[in-house]
Amino acid sequence: MDTRGQRQLFLINRALIVLAVAAVLAGLFFDQWRIVLRNAILL
Amino acid sequence: MNNESMKNEPSGAQRFWLGLARQRTVVQVVSALVLNSYFTRHVTKGLPCPAFNCYACPAAAFACPIGSIQHFVGRKKVPLYVLGVVGLVGALVGRASCGWFCPFGWFQELMYKLPVPKLRLPNRFNWTRYLILAALVIAIPFVTREPWFCKLCPAGALEASIPMALLSVDIRALIGALYWIKIGILGVMLFWMSVTRRPFCRWICPLGALWSPFNPVSSFRLHVEQADCIRCDRCQEVCPTDIRVYENPVSGACIRCLQCMPVCPVDCISVATSGWSLETDRTGIPGAA
């Protein structure tokens with residue numbers, strides 16, 4: 001793959017990582033960690 | 001020219017990945033133990049498991065991402081936290097979790113070692129896992145508010161339904177038709193696993209379906225030096241998902257188990273780590289192998 005293609009992949013990869021971390025933080029803000037825990041413990 | 005003399009001298013990073021590939025079974029055993037470590041469950045069950053492992057299993061220490069997603073969907077909530085964790089794992093390693101950490105994936109590999117006649121199936125219809133994700137994990141739980149994938153899941157039958165029924169008289173009293181349907185599905189899967197490589201991962205797993213689209217863009221990727229490849233298909237012979245790695249090294253079906261690397265007679269398969277490795281820094285090209 002050419003350098004430009006590699007650069008694009010690199011940027012998409014880092015954008016996805018940032019998005020995923022943002023989603024985790026947003027989920028934690030809405031206390032979703034506790035919902036997951038409670039649901040899993042109750043099984 | 002024999003195969004050994006055709007091999008290129010492996011780089012330091014290549015030697016590291018080759019060494020790691022040979023230790024995969026150890027990683028799978030440790031992962032199965034950690035994910036089912038029991039004692040930490042009161043805290044760690046709030047964390048989605050980076051693999052497919054039923055959280056109703058009495059020993060499970062983490063939450064099943066698929067079970068958790070269904071729970072949120074049933075409550076008409078967006079599972080941001082779970083999707084974030086799944087997305088983070090996908091963006092970093094793609095489907096490597098399936099190849100290295102998934103206890104059910106490992107179990108399928110063990111079943112395939114049984115000395116019975118084998119059936120090789122093409123990957124042509126492996127889009128069915130997306131259908132299962134859309135129907136049983138999202139659409140039907142959204143309408144019925146019930147986790148329908150869990151109700152039919154063969155991993156759940158093996159890790160939770162059977163042990164729970166054996167451990168508890170109360171649970172045994174609740175056994176009904178659905179339990180036997182689930183056991184029937186497990187029976188079919190056990191037979192299928194013994195004759196075909198990782199059928200659950202290839203055609204059914206909704207977690208694999210979530211991670212598959214990350215494979216082309218994840219940090220951890222396979223790279224094939226097409227000019228060196230001799231199309232001998234040794235990679236396909238050892239591949240748990242039966243793919244020709246050289247046709248598409250970033251295929252959504254690839255579980256990044258690296259088993260193709262040590263058997264390649266010309267060492268044309270390598271790992272690209274998208275800016276995380278020293279070797280990438282040396283070339284100056286992010287994502288270069």
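Predicted model: local features only at pLDDT ≥ 70, side-chain atom pairs only at ≥ 80, totals over all residues.

Trainee: Thanks! How many residues of chain B are in contact with chain A?

Mentor: 28 residues of chain B are in contact with 27 residues of chain A. Two residues are in contact if their C-beta atoms, placed from the backbone, lie within 7 Å.

Trainee: And which helix gives the largest share of chain B's side?

Mentor: That is α6(B), with 10 residues. Both α5 (65-74) and α6 (80-93) of chain B supply at least two residues each to that side. Helices here are DSSP runs (H or I, at least four residues), numbered from the N terminus.

Trainee: What's that side like by class?

Mentor: The side of chain B that touches chain A has 16 nonpolar, 11 polar and one charged residues. Ala, Val, Leu, Ile, Met, Phe, Trp, Tyr, Cys and Pro count as nonpolar, Asp, Glu, Lys and Arg as charged, and the others, Gly among them, as polar.

Trainee: New topic: is α8(B) largely enclosed or open?

Mentor: Largely enclosed by the rest of the structure, because seven of its 10 residues are buried. A residue is buried if 20 or more other C-beta atoms lie within 10 Å of its own, exposed if 12 or fewer, and partly exposed in between, with C-beta atoms placed from the backbone. Among the buried ones in α8(B) are Phe104(B), Trp106(B) and Met111(B).

Trainee: What do they pack against?

Mentor: The buried residues of α8(B) pack against α3, α7 (96-100), α11, α13 and α14 of chain B.

Trainee: How do α8(B) and α13(B) cross?

Mentor: Their axes come within 6 Å and cross at roughly 65°. Axes are lines fitted to C-alpha atoms, for helices over the stretch in contact, and angles run from 0 to 180 degrees between N-to-C directions. Gln108(B), Met111(B) and Tyr112(B) of α8(B) make the contact with Leu190(B), Met193(B) and Ser194(B) of α13(B). By class, that contact has four nonpolar, two polar and no charged residues.

Trainee: Where does Gln28(B) lie?

Mentor: In helix α3 (residues 24-35) of chain B. Gln28(B) counts as buried because it has 22 C-beta neighbours inside 10 Å. Leaving aside neighbours within four places in sequence, Gln28(B) is in contact with Trp100(B) and Trp106(B). The C-alpha atoms of Gln28(B) and Pro103(B) are separated by 6.8 Å, although these residues are 75 apart along the chain.

Trainee: Back to helices. Where does α11(B) bend?

Mentor: At Ala160(B), by about 30°, and Pro163(B) follows within four residues. The bend at a residue is the angle between axes fitted to the seven residues ending there and the seven starting there.

Trainee: Last one: what's the phi of Asp31(A)?

Mentor: Near 65°, a positive value in a residue other than glycine. Most residues other than glycine have a negative phi. Asp31(A) is found in the loop between α1 (3-29) and α2 (32-42) of chain A, and is exposed, with 10 other C-beta atoms within 10 Å.

Technical notes: Residues numbered from 1 in each chain as written. Chains lettered and ligands numbered in written order.
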